[in-house]
Amino acid sequence: MNLRAVVVAIGVLAGMPSHAAPVSEAAMALHRRVLVLDSHIDTARFLEQPGWNVLERHDAARDLSQLDWPRLREGGLDGAFWAIYTPQGSRDLEGRAAAVEHGLAQLMRLRDMVARHPRQLGLALGSEDARHLAAEGRHAVFISMENAEPLASDLALLDTYQRQGLRMLGLVHARNNDLADSSTDTPQWHGLSPAGRQLVHRANCLGVLVDASHASDEVFDQLLEISPVPIVLSHTSSRAITNHPRNLDDERLLRLARKGGVVNVTLYSSYLSLEKDDPRRAAALQPLYVPLRRMAALQPEEYKALAAQIGEVERRYPKAKASLDDFTTHLLHVLELVGPEHVGIGSDWDGGGGVVGVEDVAQLPRITERLMQAGYSEAQIAGIWGGNLMRLLDRAQAFPATDTTGYCTVRP
């Protein structure tokens with residue numbers, strides 16, 4: 001039986017469509033026992049919106065949000081890497097200045113969110129923090145960065161971010177920046193720029209995980225070559241299953257595993273299925289996204305009206321969404337290829353993530369049930385849900401103190 005047939009068989013075990021089947025008591029119990037971590041969410045962008053409160057229940061259809069305190073409790077999400085995402089702007093003086101300001105503002109908003117809600121949230125700086133916070137019933141907020149353009153004009157800013165809690169660094173997003181080539185842009189640097197190599201060196205010596213999601217194949221190859229610490233893919237799927245440049249091919253996934261790295265399979269539909277959206281959807285949404293990018297300047301009523309307009313477009317031209325079966329096909333393929341010790345999950349909530357069957361964070365136990373049905377043990381599932389990522393973070397943080405090669409005493 002091929003992999004897709006296995007996935008279909010798993011999906012009909014309950015005698016109903018996979019997105020409608022209830023989660024079993026056994027799966028829910030196991031899900032609650034293990035430490036559940038997500039390697040990439042974009043919910044920090046909502047902190048720009050005046051009046052938005054992470055403790056209040058939100059709704060994707062009403063205000064576009066997929067994650068909040070009530071729903072992450074329902075979904076058993078013990079912690080996540082909250083990304084500081086900076087849209088790639090112009091690479092002139094004005095654009096670089098805007099990137100610096102945006103990144104630091106996002107960092108402070110994240111720190112402020114944690115400080116304002118100490119009973120529910122806690123800043124996590126390492127794996128032990130995540131375990132302690134989960135035991136206390138608090139959500140572990142790890143800080144990551146998606147697109148390192150805020151650092152491009154001053155690489156020393158990485159030290160500032162690290163002191164404030166940054167523990168994972170994604171170099172690039174959908175367009176090339178001053179540090180690296182993107183997987184979805186025309187090559188400029190053919191991998192890392194000289195400044196990008198310096199930034200990777202400094203990240204290694206600060207104990208910050210380097211994230212290759214969104215980076216080109218050449219960047220990935222160079223990171224495996226130059227980094228003395230295994231790297232992570234925070235939200236990436238299988239190119240063998242879906243031939244999208246944002247995914248990674250089997251040969252590179254195997255090399256990642258041999259180097260000790262971890263790939264976190266994503267719930268982002270466009271990387272799981274090549275089904276195309278109605279072109280009228282993009283045409284209708286484009287003018288609405290312009291004010292959405294200025295969320296910090298919108299009053300609550302203005303945002304509510306904008307969200308309603310976007311919701312109407314979503315109803316008129318629904319996004320071509322992948323299914324839980326599509327995600328499971330990717331997840332099981334990667335697990336079989338590299339082994340469960342090198343796999344995690346990065347949802348991309350509030351950044352486009354979500355499939356039919358797992359449309360917000362409250363539905364995460366469905367993934368645990370799929371893993372159980374595929375025959376993975378509790379220990380293996382615990383690794384997939386966060387143990388593997390924490391092992392990698394431990395290794396990255398130990399490197400500066402254990403380096404005996406002189407790597408951290410020289411500049412690249």
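Reading helix packing and cores in a predicted model

Modeller: Helices α14 and α15 pack with their axes 11 Å apart, at an angle of about 50°. That makes α14 oblique to α15. The model is a predicted one.

Biologist: What is used to describe two packed helices?

Modeller: Two values are used: the angle between the axes and the distance between the axes. For α14 and α15 the crossing is also given a hand, and it is right-handed.

Biologist: Which residues of α14 and α15 make the contact?

Modeller: From α14 come Leu324, Asp325, Phe327, Thr328, Leu331 and Leu335, and from α15 come Arg366, Ile367, Arg370 and Leu371. Sorted by class, this contact has 6 nonpolar, 1 polar and 3 charged residues.

Biologist: How do α10 and α14 cross?

Modeller: Helix α10 covers residues 250-258 and helix α14 covers residues 324-338. Their axes come within 10 Å and cross at roughly 55°. The crossing of α10 with α14 is right-handed. Asp250, Leu253, Leu254 and Ala257 of α10 make the contact with His333, Val334, Leu337 and Val338 of α14. These residues divide into 6 nonpolar, 1 polar and 1 charged.

Biologist: At what angle do α8 and α16 pack?

Modeller: The angle between α8 and helix α16, residues 378-402, is about 90°, and their axes are 6 Å apart. The two helices are therefore roughly perpendicular to each other. Asn204, Cys205 and Leu206 in α8 meet Ala396, Phe399 and Pro400 in α16. In this contact 5 residues are nonpolar, 1 is polar and none is charged.

Biologist: Where do nonpolar side chains tend to be in soluble globular proteins?

Modeller: They tend to be buried together. In this model the largest nonpolar core has 93 residues, and Trp82, Leu169, Leu171 and Ile367 have the most contacts inside it. Helix α14 gives the largest share of this core, 7 residues. Another core, of 21 residues, lies apart from it; Phe81, Ala130, Val232 and Ala396 are among its members.

Biologist: Which residues is Ile367 in contact with, leaving aside its neighbours within four places in sequence?

Modeller: They are Leu267, Phe327, Leu331, Ile345, Val358 and Trp385.

Biologist: Is Pro365 buried or exposed?

Modeller: Pro365 has a relative accessible area of 4%, so it is buried, the cut-off being under 20%. Pro365 lies in helix α15, residues 365-373. With neighbours within four places in sequence left aside, Pro365 is in contact with Val23, Met28, His31 and Gly75.

Biologist: How many residues apart in sequence are Pro365 and Val36?

Modeller: They are 329 residues apart in sequence, but 9.9 Å apart in space, C-alpha to C-alpha.

Biologist: Which loop holds Leu64, and what is its phi?

Modeller: Leu64 sits in the loop between α3 (60-63) and α4 (69-74). Its phi is near 75°, a positive value in a residue other than glycine. Leu64 counts as buried, at 15% relative accessibility.

Biologist: And where is His190 found?

Modeller: His190 is in the loop between β5 (166-170) and α8 (194-206). His190 is not a glycine either, yet its phi is positive, about 55°. With a relative accessible area of 46%, His190 is partly exposed.

Key
Residues are numbered from 1 along each chain as its sequence is written. This is a predicted model: local features need pLDDT of at least 70, side-chain atom pairs count only at pLDDT 80 or more; totals for chains, interfaces and linings use all residues. Side-chain values use heavy atoms; hydrogens and water are left out. Axes are lines fitted to C-alpha atoms, for helices over the stretch in contact, and angles run from 0 to 180 degrees between N-to-C directions. Helices (H or I, at least four residues) and strands (E, at least two) are DSSP runs, numbered from the N terminus. A crossing is left-handed if the near helix is turned anticlockwise from the far one by less than a right angle, and right-handed if clockwise. Contact means heavy atoms within 4.5 Å. Ala, Val, Leu, Ile, Met, Phe, Trp, Tyr, Cys and Pro count as nonpolar, Asp, Glu, Lys and Arg as charged, and the others, Gly among them, as polar. A nonpolar core is a set of buried Ala, Val, Leu, Ile, Met, Phe, Trp, Tyr and Cys residues joined through side-chain atoms within 4.5 Å. Buried means under 20% relative accessible area, exposed over 50%, partly exposed in between (1.4 Å probe, protein chains only). Angles under 35 degrees count as roughly parallel, over 145 as roughly antiparallel, 65 to 115 as roughly perpendicular and the rest as oblique.
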